[in-house]
Amino acid sequence: MPDATPSSLAAFADTEPAPTTPGAPGRIAAVLRRDPAATVAAAVLLLIAAAAVFAPWIAPFDPALPLDVEARAQPPSSIHWLGTDPLTRDLLSRILFGARVSLGISFLAVLVATIVGTAWGALAGYVGGWVDRVLMSVVDAGLAIPRILLLLGIVAFWRTLSAPALVVVLGLTGWFGASRLVRAEVQAARRRDFAIAARASGASPARVLVRHVLPHAMTPMLVAATLGVGQVVVIEAGLAFLGYGVAAPAASWGNIIRDGREVLATAWWVSVFPGIALALTVLAINVLGDRLRAALGAPQLPAP
Amino acid sequence: MTSPADVLLRVTDLRTHFHLGGEVARAVDGVSFDIHAGETVGMVGESGCGKSVTALSLLRLVDPPGRIEPGSRIEFEGRDLLALDNEGIRRIRGNRIAMVFQEPMTALNPVFSIGDQVAEVARVHAGASRKAAWERAVEMLNLVGIPDPRERAKAYPHQLSGGMRQRVLIAMALVMNPSLLIADEPTTALDVTIQAQILELLASLQQKLGLAVLLITHDLGVVAEVTSRVLVMYGGQVVERAPVRELFANPRHPYTRGLLQAMPRLGDHRDRLAVIPGTVPPPTRWPSGCRFRDRCPYAWERCATEAPPEYPAGNGHGARCHLVDEPARDVALAAPVA
Amino acid sequence: MTTPTVVPGVLADPLLAVRRLTKYFPVQEGLFGRARGQVKAVDGVSLDVGHGETLGVVGESGCGKTTLGRAILRLVEPTSGDIRFDGVDVRALRGRALRTMRRSMQIIFQDPFSSLNPRMTIGATVREGLTVHRIAEGEAADRRVRQLLEEVGLRGEYASRYPHEFSGGQRQRVGIARALAVEPRFIVCDEPVSALDVSVQAQVINLLRDLQRDRGLAYLFIAHDLSVVEHMANRVAVMYLGRIVEFASSEALYREPLMPYTQALLSAVPVPDPVTKRQRIVLAGDVPSPANPPPGCVFHPRCHHPARDAACAAIVPPLEEKAPGHWVACIKQPPTAVPWDVQRQAGATHEPLRHLPVLAPQA
């Protein structure tokens with residue numbers, strides 16, 4: 001028989017592979033194009049984020065500077081579009097700067113939570129055995145205590161916190177759900193044949209985890225983190241409203257709403273406008289997160 | 001041997017296309033065949049040949065973007081199935097024509113007992129009372145060889161093996177005494193000893209109930225063992241049809257020949273297997289002319305320009321291949337053993 | 001009491017020697033997941049694989065053949081037993097030494113869809129072993145990847161494509177290229193063609209045979225399809241519920257299967273020949289759960305041997321050499337080292353009897 005190796009290949013060689021279908025970024029773009037609700041939500045978020053970033057340039061007044069006495073708790077007018085607060089500060093400027101605090105703290109807190117949760121869940125899911133049991137019992141304990149109680153217990157020591165401290169506190173109380181999600185994805189991915197093949201090729205455990213297992217947890221994590229930002233915005237506002245927010249004169253939306261609670265009957269705008277900003281932001285985040293989940297096929301999230 | 005009155009199902013120029021934004025996948029593209037009462041017809045082909053879509057089309061179970069194109073005809077027991085309204089076709093499904101699928105794991109609902117699920121069919125289609133339906137379920141489970149059916153009817157799907165689940169699905173299919181059973185790869189997910197049991201069961205039921213069976217499979221061995229006539233599918237078309245012995249003794253289409261030679265067989269000590277080069281093209285891009293030509297060792301110019309019709313080859317044998325028309329070209333080729 | 005280790009078909013100079021290998025999985029039940037017994041997925045398997053040979057392992061789902069393959073590679077940790085590859089005690093290796101060993105022992109999977117990482121190009125997949133073992137880097141690695149892809153019948157420029165762009169047969173070739181990249185001497189082929197269409201299956205089978213001939217590879221070829229195994233293997237082990245129940249040269253096993261289970265298995269294979277009708281042995285019932293195997297001979301509840309009796313349920317049949325090179329675990333198929341006295345004490349009513357039903361037609 002002639003050398004058959006080349007012929008066994010020729011037999012097969014040439015069927016052109018099918019055209020590429022888009023990966024996750026492409027699918028996200030496709031969702032935004034096709035789904036009007038997601039498009040609107042993304043636009044709203046972009047607008048709010050831009051307002052937060054450019055607040056120093058677009059805010060008409062200094063948010064911390066009291067104006068003259070005449071301007072105390074004035075209703076919306078052509079000078080003060082959203083009115084002023086009881087300390088005579090321009091409300092629009094305060095809301096714009098408040099967006100920086102609210103969104104900045106929430107975003108960073110979720111980043112902390114995602115990093116901690118991913119590391120914790122990946123370790124538990126990949127190593128398994130008693131390590132998994134110990135790590136996950138910590139998570140179970142964390143999930144057993146209502147987050148708001150946990151937070152109040154911690155912040156009660158300090159009363160008011162600097163923004164970085166708030167990020168750390170919110171982040172470290174918010175990673176339990178994320179770790180469960182990552183653990184489940186890691187457990188599923190490490191049993192798949194390609195992960196076993198990588199082990200069989202002699203890849204180290206770290207390499208298998210980073211290259212073959214963790215990337216498969218990233219899509220659900222992206223969705224979870226998006227929805228997480230929405231939750232943390234609300235929690236941070238709640239803490240601030242209860243008086244445990246960032247220290248004055250910096251203000252988050254929660255602080256501003258709190259400022260208006262004494263004058264709600266006479267100066268409704270002080271609480272209502274930041275409340276609208278808050279609600280709009282959370283709504284937009286939730287809509288976007290939900291549509292992304294549907295589009296990317298990420299699983300339903302466990303309790304945060 | 002069969003008069004026209006015996007024709008149970010007549011499919012004429014069935015075309016089921018999937019309209020995928022700009023492209024059209026012609027999954028089933030001009031399929032015609034008859035099934036006579038009480039016979040077992042095999043439909044054989046590899047993935048992507050259109051055999052499963054054909055089966056779904058017979059019961060009008062193709063979902064958009066799939067569509068049975070105008071001009072297709074499906075006549076069953078003298079009725080035009082494509083002219084029926086939704087209510088009418090529902091009365092056919094599971095009642096006169098029943099279907100068994102490949103995956104016995106997913107086809108059963110995990111939260112109901114198997115007895116409930118078999119009984120449900122009788123309640124829906126015959127309006128049977130709860131008690132009568134349950135009795136019928138037990139009777140059917142007995143018929144398909146489930147031991148101790150009265151007790152086992154209370155079992156849940158996860159408590160059964162794959163083979164037992166497939167028996168339950170067959171019981172569900174047969175509750176209403178259908179005249180045609182479509183079995184789509186009914187043994188593919190099963191072990192070989194269990195496959196033997198299920199094939200035996202299908203054959204005995206067919207005898208007992210006078211049932212016609214359309215058996216869809218990729219396995220020529222299964223076809224040889226249980227069918228009397230065979231349709232070979234490729235590229236959304238029937239490329240060869242013949243009584244089973246005739247097909248295996250004298251395959252006329254190069255694709256059928258390739259399949260037979262590519263199979264490793266027991267007791268066959270060839271050093272290398274013959275192969276069919278290349279892979280099945282996607283249904284959006286069938287080649288012009290003969291759809292098999294770019295994998296065919298015989299292909300010549302005519303195959304690229306002229307789509308072969310099905311040429312009759314005698315004895316109920318037919319093949320969609322110009323070789324039948326130009327037998328001089330049908331010289332014995334050394335099987336490609338690449 | 002310790003029984004001597006029976007090694008069917010022992011070789012003088014094996015590449016791989018497996019002795020008394022077991023893998024038990026704990027069965028967890030109830031709310032608190034207490035271990036309630038164990039599944040003996042692999043239960044005392046011994047075998048040798050020679051240099052450049054193909055040892056076939058056949059059996060139905062749940063017989064332990066996949067676990068055996070993975071336990072040999074230590075992709076699942078064996079419960080006990082001994083694995084020597086080229087004289088090296090594989091079970092004693094840890095960490096880096098084990099990873100280095102993996103260059104020599106590779107695996108090809110059944111499912112061409114889950115065996116490739118969907119987020120990596122096929123080039124990156126094939127390249128991984130080269131990087132891990134520092135076989136080639138940079139452009140040299142690129143060249144090697146293209147060369148490997150061409151060797152398995154794919155175009156070199158496909159390296160930058162993702163798995164979802166390929167058909168099942170093409171993916172299976174990528175899996176083979178990945179295994180070849182590290183230049184192994186032994187590959188566990190775990191049902192490598194059972195997910196493929198017949199025409200593509202033949203292409204992959206031929207490719208595996210070519211590679212074996214050109215590179216002197218040894219295969220442990222695991223499959224449920226007896227005709228594929230006959231085509232590939234020099235010697236064949238038949239597994240049932242975690243044990244080897246028959247072992248012989250491929251030629252002898254298919255010509256004259258002695259274990260009643262093998263006989264039934266062979267007779268159940270549908271033969272693509274509508275003219276020859278054979279006697280078919282249809283086994284009653286299902287494979288028992290490996291968590292709760294029957295006592296005595298694990299096959300006895302389904303056995304069709306005419307001499308089957310109470311002794312079969314009481315005596316664990318030893319794997320015995322009934323003809324030169326032909327090992328069978330059955331006390332009713334003569335000759336047997338289990339004396340009639342012992343069988344009778346265990347309730348035997350039928351003396352051992354040669355039972356050879358007419359099976360598959362031979363070409």
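Student: Two strands pair if DSSP finds at least two bridges between them; which strand of chain B pairs with strand 6 over two bridges?

Tutor: That is strand 5 of chain B, and the pairing with strand 6 (residues 79-80) is antiparallel. Here helices (H or I, at least four residues) and strands (E, at least two) are DSSP runs, numbered from the N terminus. This is a predicted model, in which local features need pLDDT of at least 70, side-chain atom pairs count only at pLDDT 80 or more, and totals for chains, interfaces and linings use all residues. Residues are numbered from 1 along each chain as its sequence is written, chains are lettered from A and ligands numbered from 1 in the order in which they are written, and side-chain values use heavy atoms, leaving out hydrogens and water.

Student: What lies between strand 5 and strand 6 of chain B?

Tutor: Two residues lie between them, and the two strands form a hairpin. In its turn, B:Glu77 has a positive phi of about 45°.

Student: Which residues are bridge partners of B:Glu75?

Tutor: B:Glu75 is the partner of B:Arg10, and B:Asp80 in strand 6 is also a partner of B:Glu75. Strand 1 (residues 7-20) of chain B runs antiparallel to strand 5 over four bridges.

Student: Which residues form the covered face of strand 5 of chain B?

Tutor: B:Ile74 and B:Phe76 form the covered face, while B:Arg73 and B:Glu75 form the uncovered one. In a regular strand, side chains alternate between the two faces of the sheet.

Student: Changing topic, how many strands form the open sheet in chain B?

Tutor: Eight strands form it, with mixed pairing, in the order 7-8-9-3-10-11-13-12. Strand 7 (97-100) and strand 12 (311-312) are the edges, each pairing on one side only. Helix 6 (residues 162-174) of chain B packs on the sheet, touching strand 7 and strand 8 (180-184), and its direction makes about 170° with that of strand 7. Within the sheet, strand 10 (residues 229-234) and strand 11 (residues 237-243) of chain B are antiparallel over six bridges, with B:Met233 opposite B:Val238.

Student: How do helix 3 and helix 6 of chain B cross, and at what angle?

Tutor: Their axes (lines fitted to C-alpha atoms, for helices over the stretch in contact, with angles from 0 to 180 degrees between N-to-C directions) come within 8 Å and cross at roughly 20°. The two helices are therefore roughly parallel: angles under 35 degrees count as roughly parallel, over 145 as roughly antiparallel, 65 to 115 as roughly perpendicular and the rest as oblique. The contact (heavy atoms within 4.5 Å) joins B:Ile114, B:Gln117, B:Val118 and B:Val121 of helix 3 to B:Val168, B:Ala171 and B:Met172 of helix 6.

Student: And in chain A, at what angle do helix 12 and helix 14 pack?

Tutor: Helix 12 (residues 215-241) and helix 14 (residues 269-296) of chain A pack at about 165°, with their axes 9 Å apart. That makes them roughly antiparallel.

Student: Is C:Ser104 buried or exposed?

Tutor: C:Ser104 counts as buried, at 17% relative accessibility; buried means under 20% relative accessible area, exposed over 50%, partly exposed in between (1.4 Å probe, protein chains only). C:Ser104 is in the loop between helix 2 (95-101) and strand 6 (105-108) of chain C. Not counting residues up to four places away in sequence, C:Ser104 touches C:Phe85, C:Pro184, C:Arg185 and C:Phe186.

Student: How many residues of helix 3 of chain C are buried?

Tutor: Eight of its eleven residues (122-132) are buried, including C:Ile122 and C:Leu130. Their cover includes helix 10 (193-200) and helix 11 (205-213) of chain A, together with helix 4 (138-151) and helix 5 (168-181) of chain C. Just after helix 3 of chain C, C:Arg134 takes a positive phi of about 50°.

Conventions:
Pairing = 2+ DSSP bridges.
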